Amino acid sequence: MILAEYLAGADARFDDDWGLVGETAHTPGYHTTLADGTWVHSTRANLDYALACLADGSPARVQRAASVVARVLDCQETDPYARTYGIWPWFADEPLSQMAPPDWNWADFCGARLAAMLARHSDLLPDDLRARMRIALGHAGWSIFRRNVQPDYTNIALMGAAVTLAAGELLDEPRLVDYGRSRLRHFAAHTDWHGGLNEYNSPTYTRVALCEVERVLDLVTDAEARDLAEGLRRVIWSTIAEHYHPATGQWAGPHSRCYGDLLDRGAREWLAAQAGAAIDPPLPAERFALDRELPCPDELRGRFAALGAPELTVVRRFVRREPDERSTIGTTWLCDGACLGTVNHDTLWVQRRPALGYWVTDGEPAVLRVRCLRDGRDFASGALWSAQSGPHALVRLGFVPGQGDHHCHLDRPADGQFAGSRLSFAVELAASGARAARLDSGFSLSAGDWQAVIQPLPSGFEGAMLDWTLESAGDVARCEVRLIDGAPQRFGWDRLATAMAGFALSLGRVGGSVPAAPKLGSNAARWDAVGLCVQWPD
């Protein structure tokens with residue numbers, strides 16, 4: 001999108017009564033108590049709008065930016081004794097006291113935008129507003145310091161380092177510079193030891209992580225911080241390149257966190273602009289980005305045009321643990337027409353994609369997912385254990401204690417009991433013309449020339465054996481095993497621990513051969529035909 005189009009779209013939503021740009025709320029179901037569809041005024045989005053107005057630079061735009069920033073600054077908690085010191089609410093419409101709970105990341109997100117405005121456009125800002133912004137950036141920096149996020153929280157660990165470094169230099173506060181530099185040094189060492197970003201292969205947050213190291217390179221002059229940021233930039237681009245699937249234009253799994261099954265147009269435009277990835281329709285003649293972006297390193301650009309081999313398998317350790325078999329390890333198989341990625345263990349929270357496949361169709365790429373559903377909604381206490389070899393994966397399904405309902409921890413029930421009328425595990429295919437069919441050894445989910453063959457293992461709940469079922473609706477086909485199905489009831493870990501479910505998955509061309517089915521032993525599932533094994537509870 002070009003700058004003029006961005007500003008015109010935001011102008012059309014400007015609310016004179018609030019002095020802010022409005023939007024329809026689309027929330028993840030936590031932090032805010034406001035319902036989806038509510039007309040709201042986002043603090044972060046309005047700082048983005050102000051930054052765009054300053055980039056335009058015309059007197060009317062600069063005046064609009066100043067009034068918007070002043071309005072957003074009014075929303076920050078400035079009392080250093082307050083628990084929410086230094087942060088903003090998501091929306092000006094909902095004070096911090098009404099959020100459930102407030103999001104401490106907003107010190108980082110809003111602080112980053114204030115730092116960019118002060119560094120790039122300070123000469124355009126009125127003196128009194130510039131002074132207020134510097135004070136607000138200081139509050140955000142010290143809030144980040146006080147919270148002291150650790151490097152396993154990838155995007156916020158990097159964003160906080162960038163904000164405190166920039167704030168320290170802009171405000172001439174060496175303690176914040178020292179803190180930001182130390183945090184960046186710690187993050188680099190942590191990433192090197194683990195072998196990659198702990199918040200692994202996330203289409204959303206890997207890009208945020210890249211944006212934050214580029215923010216350091218844009219706003220910070222400290223030599224050590226810049227060297228660390230450049231090293232991390234290359235590590236991050238390597239992760240993106242090795243998981244990119246040129247045929248579908250998708251970011252292959254597994255994903256630690258994402259907000260959709262397919263890359264949106266903005267993400268695809270970014271990959272086209274920065275790495276040369278193909279995109280249809282082509283990029284606009286001008287492209288506006290709020291953050292200053294650096295191109296993909298030259299030595300990695302070719303990977304966005306072609307795989308470079310008929311098949312590739314990427315095995316990446318994301319989190320190192322001792323002994324190493326407890327580490328979090330991802331496997332991604334890619335060929336010219338399809339890809340499949342799994343992680344050896346993770347939850348089935350709505351933002352996770354621990355088992356994810358894509359393949360080429362005549363329309364949008366087909367999306368294959370493994371899900372745990374409570375009354376049709378992703379259930380965060382569901383979990384997956386897997387092993388993968390090429391296009392074949394062996395999967396065990398179950399539950400982990402201490403997790404939440406829709407979020408992994410924000411909505412844990414106080415009594416440990418959930419409620420619902422249907423609880424199930426499902427393998428789901430979303431694609432135009434998705435088809436489901438029974439086979440001698442299981443089921444197939446297909447679209448176009450490709451299919452996923454699912455060979456179920458014995459599955460049960462509370463001592464009763466259960467059958468897998470097939471269903472199709474519109475462009476979604478699913479095979480599913482229902483643990484609970486009927487009248488509403490309550491269930492906690494005592495019941496969930498009895499669940500037993502699993503399957504073998506083979507991704508291939510329609511009509512292709514499928515390896516012989518796996519077998520379930522006393523404590524492991526073995527798929528001898530492809531050399532895979534997954535441990536199973538006794």
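This is a predicted model: local features need pLDDT of at least 70, side-chain atom pairs count only at pLDDT 80 or more; totals for chains, interfaces and linings use all residues.
Visitor: Why is helix 6 called roughly antiparallel to helix 7?

Guide: Helix 6 (residues 154-170) and helix 7 (residues 174-194) pack at an angle of about 150°, and since angles over 145 degrees count as roughly antiparallel, helix 6 is therefore roughly antiparallel to helix 7. Their axes lie 7 Å apart, and helix 6 passes helix 7 in a left-handed crossing.

Visitor: What makes the contact between helix 6 and helix 7, by class?

Guide: By class, this contact has eleven nonpolar, five polar and three charged residues; among them are Ile156, Leu158 and Thr164 of helix 6, and Leu176, Arg181 and Phe187 of helix 7.

Visitor: Why are helix 1 and helix 2 called oblique to each other?

Guide: The axes of helix 1 (residues 3-11) and helix 2 (residues 43-56) cross at roughly 135° and come within 10 Å. Angles over 145 degrees would count as roughly antiparallel and 65 to 115 as roughly perpendicular, and therefore helix 1 and helix 2 are oblique to each other.

Visitor: Which residues make that contact of helix 1 with helix 2?

Guide: Helix 1 contributes Leu3, Tyr6, Leu7, Ala10 and Asp11, while the residues from helix 2 include Tyr49, Ala52 and Cys53; by class, the contact has nine nonpolar, no polar and three charged residues.

Visitor: What makes up the lining of the second largest pocket, by class?

Guide: The lining divides into nine nonpolar, five polar and three charged residues. Of the 17 lining residues, Thr248, Gln250, Arg268, Glu364 and Pro365 lie nearest the centre of this pocket, whose volume is about 230 Å³.

How values were computed:
Residues are numbered from 1 along each chain as its sequence is written. Side-chain values use heavy atoms; hydrogens and water are left out. On a 1 Å grid over the protein atoms alone, a cavity is a set of points where a 1.4 Å probe fits but cannot get out, and a pocket is an open set with protein on both sides within 12 Å along at least five of seven lines; lining residues have an atom within 4 Å of a point. Grid points are joined across faces, edges and corners, and a volume is the space filled by probe spheres set on the points. Ala, Val, Leu, Ile, Met, Phe, Trp, Tyr, Cys and Pro count as nonpolar, Asp, Glu, Lys and Arg as charged, and the others, Gly among them, as polar. Axes are lines fitted to C-alpha atoms, for helices over the stretch in contact, and angles run from 0 to 180 degrees between N-to-C directions. Helices (H or I, at least four residues) and strands (E, at least two) are DSSP runs, numbered from the N terminus. Angles under 35 degrees count as roughly parallel, over 145 as roughly antiparallel, 65 to 115 as roughly perpendicular and the rest as oblique. Contact means heavy atoms within 4.5 Å. A crossing is left-handed if the near helix is turned anticlockwise from the far one by less than a right angle, and right-handed if clockwise.
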